[in-house]
Amino acid sequence: MRYLKFGKMKKVIELKYLVFGLVVLTFLVSCSQKNVQPEFSFRHHYINNNLPTGWVNGVQSLADYDNDGDLDMTVGSKHRGLFLFINNGTSWDTITIGRVPFTSLATASMDVDDDGMIDLISAGVWYKNEGKHNFSMYFYDPDFIQGEKPEKPLTIHDMVVADINGDGKNDVVAESEDAGFFWYSTNPLPSELWKRTVIDPDHTKYKPTIHGGFSPGGIGDLDGDGDLDIFNAVAWFENQNKGKNWVKHPMEFPELFGGDLPYGKSTRSVVIDSDGDGDNDIIFSECDDIHAKIGIIENVNGDGTEWELNLFPLKAEGKRCSLHSLGVADFNNDGFLDVITVDQEDMMPKDTTLHPPRWYVFSNVGNGWEEQVLFDIGLGGHDIISGDVDGDGDLDLVSKVWNPWKKSANKGRSHADFIENLTVDKVLTK
């Protein structure tokens, strides 16, 4: 009898645990379906609150230029030269690298000559890292040598490093409305020019122009054939024959580019699998015009034949400015992608009804993407770059302004910024 009673009790206990487990499972499933807002914690620091470059600040990069294990930053201007900001862990030292021959927003970092030092590439020139914070400048494109003449100025708006021809070595993709859309096969010899291959021969003929489209990461396999294709604002370009030939596939949407477009159509973009279905989509933000939109262009069939536009809902009050920045990564280490952007300061005067510049994060909450404001401190940014700046294991951000906003919290001065991610908090950079 005692054994039978114990057996019945055991079954009751097992039944209770089973019911409890089902309740917990139901709760977890319901939570996954709810609009649960992830937590983020960032801290703002100035790298420099009075940039020596002054205005028209481009040539921005983030890389370990002195091989000391941490990330340094560059900012340059044709007006005042190129500067390196050395990360000392608790402060940033400023060193002049040299002149900037052309007005260039874009830049790229890579070891061009395979000497173990990261070099810097900009419009028409590359800066060879000689070590000990010394750099030598070399021209790599004859068109830009001619472009030094005032009657024929050339610029580069977008530049990304990628292996276009599949040979295992990085190439450089570059674009602007007046110089064209092309890619370079680099040459390690400083005295040699680089081979240039045109991607879109009609690029400079578009009206309105294509101001930019594929920075910071709009290059990836969009048709599933194993090579790298390129998204550029209004189309994606199919890589054929190892980058020798390109097929343009238009993908314009009436919801986009509805403003005045003072510089032409322009986006920041990242090619990435945004929904975990095994193919690459395009996360983008509109820029160089106010009331910018941000969202995902979904690769419906996975082969680039059909695309669907999904705009992120803008939850925070007030109108957005130009979203000339795009960071896409898992910033809070929860295993899901996040998207960070920031209002562009120098576009603020174009509309007095705009909310002062803010930083935003968009998170995948299971049933869509939701916006949070990271910072509302009267400071904007321009082309953010992510990386583990303080060496604590999470992704931080750096930024700068193209031109400062007179009403900014920095009293209208140009600034470069370090946005410290506090998800893992080991080193606090001042």
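This is a predicted model: local features need pLDDT of at least 70, side-chain atom pairs count only at pLDDT 80 or more; totals for chains, interfaces and linings use all residues.

Residues are numbered from 1 along each chain as its sequence is written, and side-chain values use heavy atoms, with hydrogens and water left out.

For the names, helices (H or I, at least four residues) and strands (E, at least two) are DSSP runs numbered from the N terminus. Two strands pair if DSSP finds at least two bridges between them.

I then followed both partners of this strand. β24 and β25 pair in the antiparallel sense over 3 bridges. β25 is also joined to strand β26 (residues 359-364) by 5 bridges, again antiparallel.

Is β25 buried or exposed? I used under 20% relative accessible area for buried, over 50% for exposed and partly exposed in between, with a 1.4 Å probe and protein chains only. 5 of the 5 residues of β25 (residues 338-342) are buried, so the strand is largely enclosed by the rest of the structure. In a regular strand the side chains alternate between the two faces of the sheet. Here, Asp338, Ile340 and Val342 point one way and Val339 and Thr341 the other, and all are buried.

I looked up an open sheet of 4 strands, in the order β1-β30-β29-β28 with antiparallel pairing. Its edge strands are β1 (42-48) and β28 (382-387), each pairing on one side only. The twist averages 25 degrees from one strand to the next; axes are lines fitted to C-alpha atoms, for helices over the stretch in contact, and angles run from 0 to 180 degrees between N-to-C directions. β28 is joined to strand β29 (residues 396-400) by 4 antiparallel bridges, and Ser386 stands opposite Leu397 in β29.

Another open sheet has 4 strands in the order β2-β3-β4-β5, with antiparallel pairing. β2 (58-63) and β5 are at the edges with a single partner strand each, so one side of each has no neighbour in the sheet. On average, neighbouring strands here are turned by 20 degrees against each other, direction ignored. I counted 4 bridges between β2 and strand β3 (residues 72-77), which run antiparallel, with Ser61 opposite Thr74 in β3.

**Aromatic rings**

How many aromatic pairs does the whole structure hold? My search found 14. Rings of Phe, Tyr and Trp (its six-membered ring) pair if their centres lie within 6.5 Å; planes under 30 degrees apart are stacked, over 60 edge-to-face and the rest tilted.

Phe102 and Phe139 are edge-to-face, at 6.2 Å centre to centre with 80 degrees between the planes. This pair links distant parts of the chain, 37 residues apart: Phe102 is in the loop between β5 (92-98) and β6 (108-110), Phe139 in strand β9 (residues 134-139). Phe102 is buried, at 2% relative accessible area.

Phe312 and Trp369 are stacked, at 5.0 Å centre to centre and 25 degrees between the planes. Phe312 is buried at 6%, and Trp369 is buried at 13%.

My last entry is one aromatic cluster, formed by Trp126, Tyr138, Tyr140, Phe182, Tyr184 and Trp194.
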